[in-house]
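Hello! Here is the structure I promised to pass on to you. Have a look around first, and then read my notes below.

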Amino acid sequence: MLREEKMKHTETRGRPSRRRFLSGTAMVGAAMIAAPSVVKAQGPVNMRWQSTWPSKDIFHEFALDFAKKVTDMTGGDLKIEVLPAGAVVPAFGLLDAVSQGTLDGGHGVVAYHYGKQAALALWGSGPGFAMDANMLLAWHKYGGGRELLVKLYESIGAKVVSFLYGPMPTQPLGWFKKPVAKVEDIQGLKFRTVGISIDVFTGLGAAVNALPGAEIVAALDRGLLDAAEFNNASSDRALGFPDVSKICMLQSYHQNAEQFEVLFNKAKYDALPDQMKAIISNAAEAASQDMAWKAIDRYSTDYAEMQTTEKVKFYKTPEAILKRQLEVYDEVVKKKAAENPLFKEVIQSQIAFAARATRWEQDTVVNRRLAFDHYFGPNGVAKEL
């Protein structure tokens, strides 16, 4: 009898009692409930941003779209207020303002930082070595571009965290007083552009003035510019280009592969929880595709309406000008690569990726011009279907 009771007592000590199990479970449950409440008790993180775009530009709308995605995906734990260009600092002052903490973040393009480090303009300013903007983003994410961008910002002491997104379609050559038929027609023109395109159009004989978007149309109206480029049908229309010019030349290599940039002040970003950082990264990629879809819809609509409503005439840039752009770009790149080791490093990385990616694209992707002519050409069959 004593032996049996002793064995029973030993077995009881070897396993947790029901009371002890329930008590431990309650403690774990309380901890799980308490943990989120500690985060909530700190309140949502609020950030004040500025874009480099006027409030009426679709680009500012893209900035607001990104901010809303972040707010929605964090359940309101990170709220981003995006002000238009000039609200706090001039458009070209965004990088300094974010780096110094005057702003928590911003929305713009890397080429706007060209004056601080010429290699930064290689993210969008130029022919992209036959890559389009989406392929350039592929290089950025998977071909070493992101690491090079970090190195470039470190080289100029910029305390920022950058996310690139939003592939832009090929930009027009620009708005002119009359159609441009040959390279000589560009010579002597007072022309607006940015990034490495400044050097390219200078090489084409233009007198270049780099102005932010909000100032271009007024400069054209006052005769301070003879011609200018900005970006796309929707932006150009909203900014008022059709009010001062009825001639737009389409297709160019000067900004063939550009994308947007989201900037965070580094200290502000580093202080965020890891989960919130992951949401930001994924929000940038979600916004990237959403922007591309919205651009197709809106740009094509404004392109059509400018022809019917504002009576704008669009012309294809002559091939001779396109070839000369490439030749001048090569001259600019060789010179800058010889002067700037980081510039050369970026160029070589892009060329290595482009040689493989563009060969695959050229060999694989069918030319859709044949299909377009079949359905929508002079004898197009779309109307019969």
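**Aromatic pairs**

The structure, which is a predicted model, holds 25 aromatic pairs. A pair of aromatic rings is described by the distance of the centres and the angle of the planes. Take Tyr165 and Phe260: their rings are 5.9 Å apart, centre to centre, with 35° between the planes, and this makes the pair tilted. The two partners come from distant parts of the chain, 95 residues apart. You will find Tyr165 in strand E4 (residues 160-167) and Phe260 in strand E10 (residues 259-265). Both Tyr165 and Phe260 are buried.

**Helix H8**

Next, please turn to helix H8, which spans residues 213-221. Which of its residues are buried? They are Gly213, Ile216, Val217, Ala219 and Leu220. These residues lie on the same side of H8, because they cover an arc of only 160° around the axis. Here is a general point to keep in mind as you look: an α-helix has 3.6 residues a turn, so residues three or four places apart point the same way.

What covers the buried residues of H8? The cover includes strand E6 (190-192), strand E8, helix H9 and helix H10 (241-244). On the face turned away from the buried side, H8 carries the exposed residues Ala214 and Asp221. After H8 comes Gly223, which has a positive phi, near 85°.

**Asn232**

Is Asn232 buried or exposed? Its relative accessibility is 5%, so Asn232 counts as buried; the cut-off for buried is under 20%.

Which residues is Asn232 in contact with, if we leave aside its neighbours within four places in sequence? They are Ile58, Phe59, Pro172 and Tyr299. With Tyr299 there is also a polar contact, side chain to side chain, at 3.4 Å.

**Cavities**

Last, the empty space inside. Rolling a probe the size of a water molecule over the atoms shows where empty space is left. The count comes to three cavities of 30 Å³ or more, and the largest cavity has a volume of about 80 Å³. Among the residues that line the largest cavity are Trp53, Val109, Tyr112, Gln171, Arg192 and Glu258.

Enjoy exploring, and do write back with any questions!

Key:
Residues are numbered from 1 along each chain as its sequence is written. This is a predicted model: local features need pLDDT of at least 70, side-chain atom pairs count only at pLDDT 80 or more; totals for chains, interfaces and linings use all residues. Side-chain values use heavy atoms; hydrogens and water are left out. Buried means under 20% relative accessible area, exposed over 50%, partly exposed in between (1.4 Å probe, protein chains only). A polar contact is a pair of N or O atoms within 3.5 Å; within protein, one must be able to donate a hydrogen and the other to accept it, and residues adjacent in sequence count only if both atoms are side-chain atoms. Contact means heavy atoms within 4.5 Å. Rings of Phe, Tyr and Trp (its six-membered ring) pair if their centres lie within 6.5 Å; planes under 30 degrees apart count as stacked, over 60 as edge-to-face and the rest as tilted. Helices (H or I, at least four residues) and strands (E, at least two) are DSSP runs, numbered from the N terminus. The arc is that of the directions from the helix axis to the C-beta atoms. On a 1 Å grid over the protein atoms alone, a cavity is a set of points where a 1.4 Å probe fits but cannot get out, and a pocket is an open set with protein on both sides within 12 Å along at least five of seven lines; lining residues have an atom within 4 Å of a point. Grid points are joined across faces, edges and corners, and a volume is the space filled by probe spheres set on the points.
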